[in-house]
Amino acid sequence: MNPVLFAIALVFGILFFAAFVIWIERRFLALVQERYGPNRVGPLGLVQVIADIIKILTKENWIPPFADKGVFVIAPMIIMVTVLASFAVIPLGPGIVASDLDVGLLFFLAMSSLAVYSVALAGWASNSKFALLGGIRAVGQMVSYEVFMGISLLGVVLQTGSFSLVAIIEAQRRLWFCVPQFVGFVVFFIAGLAETRRIPFDLPEAESELVAGYHTEYSGFKFAMFYLGEYVGITLISSMIVVLFFGGWLGPWLPPFLWFVVKTLFFVVVFVLIRGSLPRPRYDQLIGFGWKLMFPLALANLVATGGIVLALAR
Amino acid sequence: MAEHSEVLRELEGRFGTGTIQVQETKDGMPTAWVSSEQLREVLGHLKTSSGGSYPLLYDLTAIDERNRKHREGQPPSDFTVVYQLQSFERNEELRIKVALQGERPSAPSVTGIWKNANFYEREVYDMFGLGFEGHPNLSRILMPPWWEGHPLRKEHPARGTELGPFVMDEAEQERQLEMLRFRPEDWGMKSQAEGHEYFFVNIGPQHPSAHGVLRVVAQMDGEVVVDLVPEIGFHHRGAEKMGERQSWHTFIPYTDRIDYLAGSMNNFPYLLSVEKLAGIEVPPRGKVIRILMAELFRVISHLVYYGTFSQDVGQMSPVFYMFNDREKGFDIVEAITGGRMHPGWFRIGGVAMDLPEGWDSMVRGFIKYMRRRLKDYDAAIMRNRLFQARTKGIGALSLDEAIEWGATGHFLRACGLEWDLRKKRPYGGYETFEFDIPTASHGDSYDRLLIHVEEMHQSLRIMEQCLANMPAGPYKSDHPLAVPPRKDGTMQDIETLINHFLGVSWGPVIPAGEASVTVEATKGNNSYYLVSDGGTTSYRTRIRTPCFAHVQMTPVMSRGLTISDLVVILGSVDYVLADVDR
């Protein structure tokens with residue numbers, strides 16, 4: 001297939017999937033919360049997201065007069081670009097990957113680090129107190145959680161001996177990494193929650209405290225980019241969990257691509273369930289949890305894995 | 001003067017006879033007039049005296065006496081400032097009055113004695129135009145700063161149509177907006193300290209966690225709240241002024257909307273006061289129906305508190321569960337009364353109608369259902385470690401602080417004081433019910449929630465007893481002043497016909513006098529202080545609501561904590577802005 005066509009298909013496929021994730025979240029969360037959720041537009045409310053997109057695209061492109069206009073517009077684009085770019089290295093099935101980079105994992109980490117800029121700049125450029133507080137929180141949180149997110153993945157890299165995501169999946173033919181790398185999985189999952197700024201790590205946008213945090217001043221399509229970016233982010237983290245710890249496309253009976261989608265959807269639902277059940281910690285508790293518990297845990301996992309790999313190699 | 005209560009005799013003994021003048025009231029509360037020179041001395045003595053002190057300033061209000069006819073045995077006064085004090089040791093309340101003469105007289109401020117007098121004195125200034133010498137910031141509190149006149153003065157019009165047409169041009173809008181601007185200096189705050197600048201965050205009146213139109217201005221140092229100014233009045237409807245215009249009967253539905261989450265519970269103190277003035281005794285069935293409705297509304301109101309509190313802490317789902325439960329409660333309210341949130345169901349002398357067929361199975365089903373749900377919520381919220389980490393130790397108050405700031409209800413119980421008026425001073429038939437008073441010991445946000453949860457269990461218990469022991473008989477008194485009056489004898493004797501005609505056309509004429517009854521409402525103690533001048537409307541309706549005092553306390557609880565904690569504290573107070581502003 002023509003690589004350009006493939007890339008375009010991938011981007012639209014992911015956006016379509018993210019829209020589907022929005023539907024899943026709204027319906028599933030409603031189920032958890034004894035409500036119906038959107039069930040009027042199309043069968044089972046499936047077309048609701050499309051209706052919302054049409055609505056949001058036809059809204060006024062409003063920039064608050066007190067905002068830093070250029071940065072204000074660029075900020076939401078950054079998140080879309082970085083999150084979508086990360087998908088370039090994720091193998092959706094044998095041979096179905098935009099670019100099997102040798103350093104695929106590093107590329108993913110680099111892109112997720114860049115995403116911090118989006119939130120920080122949005123909070124800063126809005127020139128509003130709530131947005132500023134949200135932006136500051138976001139930077140503190142994401143920088144802290146990024147550290148051990150990277151470390152938690154090194155166990156997988158040590159076991160595989162490669163940064164390539166395809167190689168990592170191939171290495172799981174005998175045993176999925178969620179068993180030997182269980183600690184790494186837990187740490188990465190939590191860091192992933194923080195990366196996507198979901199409850200219980202939604203402090204940057206904490207509705208009950210900061211109104212909407214860093215995107216308080218955003219509306220229309222610029223807001224939609226943050227909103228869609230969040231769901232593309234959830235899809236990204238879910239598929240990364242599947243790739244790194246749950247054997248990617250590997251699995252019996254079903255076609256590989258379908259396996260990948262089913263596994264990813266499973267983690268999307270787990271994300272939704274967590275959102276439906278947990279409260280939000282305070283900022284200092286959040287940072288304390290990260291540095292005092294998650295960080296040592298990730299380090300210990302790295303040292304232990306390194307030791308075992310070294311011992312087995314001899 | 002042998003029948004004087006103990007405290008008044010003690011006062012006379014200390015300050016000498018002649019300094020205080022005793023007044024008889026319909027509610028039997030000891031009431032004494034004190035000169036304004038001696039006021040501070042007397043109140044200070046009452047607050048601190050050993051052996052039966054009155055540590056809590058329960059209410060501070062005023063009466064415009066200039067048009068009042070029935071003032072037998074009272075000293076001459078144009079404006080009377082009324083202080084209502086509460087003693088826990090004596091289990092008694094005390095009313096102290098100060099007579100003021102002139103068009104815009106002043107009284108000494110008691111903010112030096114009780115901290116919570118601050119808001120109350122501002123309210124009296126705002127409503128009556130009275131001054132308070134020594135008040136730190138005597139400014140308008142409920143009315144907007146550009147308002148002309150003082151609404152509760154008798155010469156102030158009561159209807160919008162009497163005020164002339166409303167005009168708002170751009171210049172006026174600018175002027176009003178400018179007046180709303182927050183100036184830290186007005187509140188004794190600095191915008192800068194050594195080496196750094198504070199920034200001020202305006203939270204509300206439109207904010208997801210303001211729970212209504214509360215405006216809180218926080219002085220922030222990073223994420224830390226240095227100081228706080230709560231600003232109220234955005235929800236003011238002039239309920240007390242309406243009380244002077246509506247007949248005794250037609251004011252009932254207005255009371256429903258004071259604490260709009262607690263529906264019938266609001267009718268309770270109002271009608272108990274009216275019945276005290278009129279000398280009406282409610283028949284047993286009427287009493288139990290009232291208690292059933294009041295406790296049902298307590299559960300309904302607490303559910304909203306529980307859900308929104310957990311939402312403030314960041315939990316998304318409980319609020320939906322609890323609104324569903326509340327809906328089940330409203331189903332019962334609807335079956336019994338036909339209304340839902342504001343049924344306006346109590347009547348002078350009883351309730352509006354008898355219970356419908358099948359009410360008992362509905363209530364029984366609700367009790368069973370709620371017990372199961374409350375168990376689930378314990379697991380999801382109360383035992384959730386993240387939730388505990390966010391609420392334990394946050395917004396803690398000592399018992400002394402709580403009393404100093406005029407806190408009542410769950411605040412006192414959360415601080416460990418076993419105090420519930422339903423038990424301590426049973427009203428409206430509560431003496432026949434068995435229930436416990438829950439208490440906690442830390443006085444923090446978590447404990448306040450704990451008290452609410454336990455109260456729901458106790459309310460369900462009371463409702464169960466209502467089910468088991470619903471007396472037979474009439475649901476409304478046949479007293480001639482009960483409304484609507486009885487009709488069965490109207491075709492036989494002229495007396496009943498006249499009573500019925502007057503009661504229906506004018507509304508009942510309640511005998512002159514003063515009465516105030518306090519109830520343990522859902523959010524603290526609520527009372528209606530009614531002054532009748534022997535007419536078809538009340539001469540003065542004072543609504544003492546718990547939330548007014550509690551909102552005033554928020555700065556004490558939140559100083560030095562973060563903005564996230566502030567949200568938790570606001571959630572834990574359990575206030576409703578309609579109840580604060582009236």
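Predicted model: local features only at pLDDT ≥ 70, side-chain atom pairs only at ≥ 80, totals over all residues.
**A walk through three places in the model**

Leaving aside neighbours within four places in sequence, T308(B) is in contact with H211(B) and V319(B). T308(B) sits in helix α8 of chain B, which covers residues 284-312. Is T308(B) buried or exposed? With a relative accessibility of 15%, T308(B) counts as buried, because the cut-off for buried is under 20%.

Let us stay in chain B and turn to helix α3, residues 117-128. Of the 12 residues of α3(B), 10 are buried, which means that the helix is largely enclosed by the rest of the structure. Just after α3(B) comes G129(B), with a positive phi of about 75°.

Now over to chain A. Two packed helices are described by the angle between their axes and the distance between the axes. For helix α9 (residues 220-245) and helix α10 (residues 256-277) of chain A, the angle is about 120° and the axes lie 8 Å apart. The two helices α9(A) and α10(A) are therefore oblique to each other, and α9(A) passes α10(A) in a right-handed crossing. Which residues make the contact? From α9(A) they include Y231(A), I234(A), I237(A) and I241(A), and from α10(A) they include F260(A), F267(A), F271(A) and R275(A). By class, this contact of α9(A) with α10(A) has 10 nonpolar, 4 polar and 2 charged residues.

Note on methods. Residues numbered from 1 in each chain as written. Chains lettered and ligands numbered in written order. Heavy atoms only, no water. Axes fitted to C-alpha atoms, helices over the stretch in contact; angles between N-to-C directions. Helix = DSSP H or I, 4+ residues; strand = E, 2+ residues; numbered from the N terminus. Parallel < 35°, antiparallel > 145°, perpendicular 65-115°, else oblique. Left-handed = near helix turned anticlockwise from the far one by under 90°. Contact = heavy atoms within 4.5 Å. Nonpolar A, V, L, I, M, F, W, Y, C, P; charged D, E, K, R; others polar. Buried < 20%, exposed > 50% of the residue type's maximum accessible area, 1.4 Å probe, protein only. Expected span 1.5 Å × (residues − 1).
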